[in-house]
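Here are a few friendly notes to read with the structure open beside you.

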Protein chains: 4
Amino acid sequence: MNRLLDALAGDPEIEALFTDTAEIAALLRVEAALAAAEAEAGLISAAAAAAIGRAVTDFQPDAAALAAGLVKDGVVAPALVRALRGAVPPEHAEAVHFGATSQDIVDTGLMLRLGELVPILLARLEALDAALSVLAGRWGTRSVMAHTRMQAALPTSFAEKVRTWAEPLARERAALEGLRARRLVIQLGGPVGDRSSFMGKGDDVARRLAARLGLGVAAPWHSQRDGIVEFGSLLALVSGSLGKFGMDVALLSQSEVRAITLKGGGGSSSMAHKSNPVKAELLVALGRFNAGLAGTLQQAMLAENERSGAAWTLEWLVLPRMAITTGRALAVATALVGEIDVPA
Amino acid sequence: MNRLLDALAGDPEIEALFTDTAEIAALLRVEAALAAAEAEAGLISAAAAAAIGRAVTDFQPDAAALAAGLVKDGVVAPALVRALRGAVPPEHAEAVHFGATSQDIVDTGLMLRLGELVPILLARLEALDAALSVLAGRWGTRSVMAHTRMQAALPTSFAEKVRTWAEPLARERAALEGLRARRLVIQLGGPVGDRSSFMGKGDDVARRLAARLGLGVAAPWHSQRDGIVEFGSLLALVSGSLGKFGMDVALLSQSEVRAITLKGGGGSSSMAHKSNPVKAELLVALGRFNAGLAGTLQQAMLAENERSGAAWTLEWLVLPRMAITTGRALAVATALVGEIDVPA
Amino acid sequence: MNRLLDALAGDPEIEALFTDTAEIAALLRVEAALAAAEAEAGLISAAAAAAIGRAVTDFQPDAAALAAGLVKDGVVAPALVRALRGAVPPEHAEAVHFGATSQDIVDTGLMLRLGELVPILLARLEALDAALSVLAGRWGTRSVMAHTRMQAALPTSFAEKVRTWAEPLARERAALEGLRARRLVIQLGGPVGDRSSFMGKGDDVARRLAARLGLGVAAPWHSQRDGIVEFGSLLALVSGSLGKFGMDVALLSQSEVRAITLKGGGGSSSMAHKSNPVKAELLVALGRFNAGLAGTLQQAMLAENERSGAAWTLEWLVLPRMAITTGRALAVATALVGEIDVPA
Amino acid sequence: MNRLLDALAGDPEIEALFTDTAEIAALLRVEAALAAAEAEAGLISAAAAAAIGRAVTDFQPDAAALAAGLVKDGVVAPALVRALRGAVPPEHAEAVHFGATSQDIVDTGLMLRLGELVPILLARLEALDAALSVLAGRWGTRSVMAHTRMQAALPTSFAEKVRTWAEPLARERAALEGLRARRLVIQLGGPVGDRSSFMGKGDDVARRLAARLGLGVAAPWHSQRDGIVEFGSLLALVSGSLGKFGMDVALLSQSEVRAITLKGGGGSSSMAHKSNPVKAELLVALGRFNAGLAGTLQQAMLAENERSGAAWTLEWLVLPRMAITTGRALAVATALVGEIDVPA
């Protein structure tokens, strides 16, 4: 852990969605909802579902044991299921995780967290949009030189510059709403993804599970990863738009340009006169980092057969980092807007 | 030019949209439509618009001169506009490209070509879907071993495998329709993208231009590249889905697995018994190639100020190649479906 | 922090080189060595250097203040230098960091850590090579089917397979030795990288600093990032070689192939009979992850003028993660070798 | 084919190394040398080798048939070998390609072309270095403002700027020489890469083949792709260094900065006063394009078993484009140096 780097590029609110604690809590929530749904569907007894619900509520995860299980099994669910089975009365052990497979729990648990991520991102996009509106309100009528191909072109209004920064964000908000509606869905397929383990009641269980978790219903998508990748691509689009904003601010605040000035620029260890556009540069770095990660995530589309340990693990390495990077970029961008002055 | 590589990874129908001939034709079409729209809006005379229309119809591009202009100016439009101005009566020369800038013509010209690309891709997606339906109809009830994490898991139906390959394609068709509706729009902004060069009639000209070209209306997006990048991300999603299909076919047709057999596999120069899953491997290669390009295209979001020569050029290097790669992958996938047998 | 993900893809020994604690310790070590070198060169007094040395030894970093400084200044050095100046007698405050700039300290501090990384990686490469030799010794004469283009080809010896896995590692060891000799060098340039702030004694100070730190001498390379990128490319080459090894093991241990069997495969939450090649899949994921990061790091070559906050920050986001990923892959690969049996 | 795009980003001299004509010529050259080497080693008769040599000399490739063979077999060699066997007297047909496999011919043929590429790149690096020396000689003593983190820092000499651009190129020349010595080697392994098809004379044939082709000897590396990837990484390092140069020039020649002025900037279709740093922007685009391709090429390390059609094809899609991009960037950079003036 590098607390310095985290202070620069981390995002505590979003990181909290991707800790082991949050992950295990989400997995347990899925297990409890699954048990309840299965009891309603008549697959397990109501007593079993109640026992599982209680066990989940009281569950004290043994992080070391779960980590060891993850390393051994390549996914944390088997160890977690074992522990949960040990925490219910023996007669209900078989009802835990009934008919399900690790990926059902892990993918659905991810969706729960993405479901929490979306409103955070939407709120930040709104906050940034509001800040940009204020900025346009304050300085929009100021004339600034436009630059094309790195050369002064013709004067335009500062409002035009703000429009360029703001419009993609509005589209990205709409796209995020669209993903929320289309893509935040449960995964339920059983061992090989065909729901055959649910004794003919798989679709019923799926509907009930989705309703309980506030997620959409979907056919099993265990090895169809387009939803994950589309989500990541949108994250990169957001951070890319903010990278463009940062690049513009860095260019406009150059010593020789001063089309904008920044309150609170960064200091230098050797040049007292410097006021560096630190947040603007950070936005560029975060945008380029996420762009690269988006390309890597696209590689995870190529998942082998019914479950790819390799491609799935690649998602785990990439997607949370993209979410954190995007969230951080939104926070930095909003702060940067507040630093901008447009000299007459 | 490597005709061998083109035979493997090229796509003549889609490449035809991205030749210099197609590009210049699209640019000229935009110039003619712009002149007509501007005449309607009262910005130029009807006589000028008619003269420009005739000049465009008769235009014989001097490819060498245009290429030289592109190299000098970084964009082909200035040389093309000069040539077009030379081809109309002198009194109408000023009316050519009136109020517009290179990027208006080039980006709108790209949109025209993407507008031709979309139905090609949709038709291929439909053809592939139909082929997969036939495949499912023929072999869907066959039992095949499912594999999770590279190990035999439990039997499932072959219909399940086809479902896994087909469902993402249906979503991608819908997404492509969505992009067509939202993203295939004109770009019209003038020198610095604020339409100030159209003497108050920019929005009117924009509406008329869009209607004439069969594209949507949009505010100037000259330095908002999210539409381009979203388009590219979807292309990579398609080729990634096909890469997953190719990977599955290669795995299922292994000598030791033979869950499927392929008619017409590739031969070896040294081992006469070999029948290689050449199309399946090609799909994997095309999927991974496009995945990488998608990440590179995301970098083009970071466009400087009102026009970035660097980021824009990067788009030119990447997006057409992604379209070709995706189109080729669709054609290869459909051919591969036709090679699949599922032994009892 | 996700302790589960860290257990899977982290590497405590290598992460320890990239914590804030390690980073600050390295920066302080550079400051002390710089002061000593400058005293020898007559730029500051011996008393100042001694005072700085003592302050460094006794320094208690205020992590929160340093993190705040990093966020404000975009680099931690200014805050650290302020703190260090506050920790020496006032008459020596000016001697702290004399003539240097943040980048001198941060880049040289990184080199110290890479200098510790290299022997760790070399040792792991040696251990892996030794394990592969044992493997070849035990099973090398066994005949196994070779596979080309995903099809059984002709029998070969298992020794051939081990040779394919081992030979790139030998080249990578040599390359790592080469980088150690050529690329682990100090950075010393002063504010704009021309050593003009060292009053004519910059080259002398550089030689002494390098000697004290056990690094090579080099002309200022503040905005020449090829050394960093070459280092990262080699890391990706190592993890890519291991990804190939993992892919082969996953393919060879398929249920239908069983050319090798694995002791200690991963379990499933739904299929008791499964023994998944978890380590092999992890190697594939780590290899693909690092491949993507290598491409992102290449983007950091494009550093603006004398110092790019954006490109430099991008390095910070990418390079440590690549080191951790490579180290983890080496450890996993060696463990995987120990799991391999080759049935007769 | 887009002749406009080729004019911008293509490189005829380097593209000539990667045409189908050049590829087939190289493959034939390998077949002839192999036959000669095998005759010397006693594997085929001298008469056969002579007949093969004559057939190669007279060979008229049927491009369409070869392309069709490539598409069918996934590699061109089988069709080429068939054609060549048809072109020798029947009694020598079996001697053609004796003991070899497609990959031996294709990989060695690639090495021949990389062997031609290296001196081209070296010559261009030298030319660029010479141009930079002239530039430093002319303007090196001029004082220019250095910029750190996008802000004016302190004055430095223009010679310092040139040093920053030139030094990585010198290291890259040395690295290219190193690759030439270490990495330009034959591939000879036979069907599964263990030389068992050469009846105990594989190593002897390999030595003779290498000597005849002017390449180094190496153990079979058919599925060890680190040499290819290392080559590509170096190409990206070169174009990345040039991208940094282009970025600096674009920044320094901004209207408000004018630390340098450019002769022959690009014109605008709407703003007659513009003089755009077109070559500088192109260098940035080429650098970022190659950076992305370098990451994609790293994915090709993960080659399945003894031959991966997928990873190998991915190399074909990426590496030639990287060579062309690098060569073009070198030519553009040298031309750009000639455009630079440094105002007093």
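**Notes on a helix pair and the chain interface**

1. H5(B) and H6(B) are oblique to each other. This is a predicted model, and in it the axes of helix H5 (residues 63-73) and helix H6 (residues 77-87) of chain B cross at roughly 135° and come within 7 Å. An angle over 145 degrees would count as roughly antiparallel.

2. Now for the two chains together. Contact between them involves 63 residues of chain A and 63 residues of chain B. About 5100 Å² is buried between chain A and chain B, with 52% of it on carbon and sulfur atoms. Arg149(A), Leu302(A) and Asn305(A) supply 15% of the area chain A buries against chain B, more than any other three residues.

3. For polar links, 32 residue pairs are in polar contact between chain A and chain B, counting pairs with both residues at pLDDT 80 or more. The interface also has 4 salt bridges by the rule used. Lys161(B) and Glu306(A) form a salt bridge through their side chains, at 2.8 Å from N to O.

4. Which elements does chain A bring to this side? Those giving two or more residues include strand E1 (143-148), strand E2 (151-157) and helix H10 (226-252). H10(A) gives the most, with 14 residues. By class, the side of chain A that touches chain B has 24 nonpolar, 21 polar and 18 charged residues.

Note on methods: Residues numbered from 1 in each chain as written. Chains lettered and ligands numbered in written order. Predicted model: local features only at pLDDT ≥ 70, side-chain atom pairs only at ≥ 80, totals over all residues. Heavy atoms only, no water. Axes fitted to C-alpha atoms, helices over the stretch in contact; angles between N-to-C directions. Helix = DSSP H or I, 4+ residues; strand = E, 2+ residues; numbered from the N terminus. Parallel < 35°, antiparallel > 145°, perpendicular 65-115°, else oblique. Contact = heavy atoms within 4.5 Å. Buried area = accessible area lost by both parts, 1.4 Å probe. Polar contact = N/O pair within 3.5 Å; in protein donor to acceptor, adjacent residues only side chain to side chain. Nonpolar A, V, L, I, M, F, W, Y, C, P; charged D, E, K, R; others polar.
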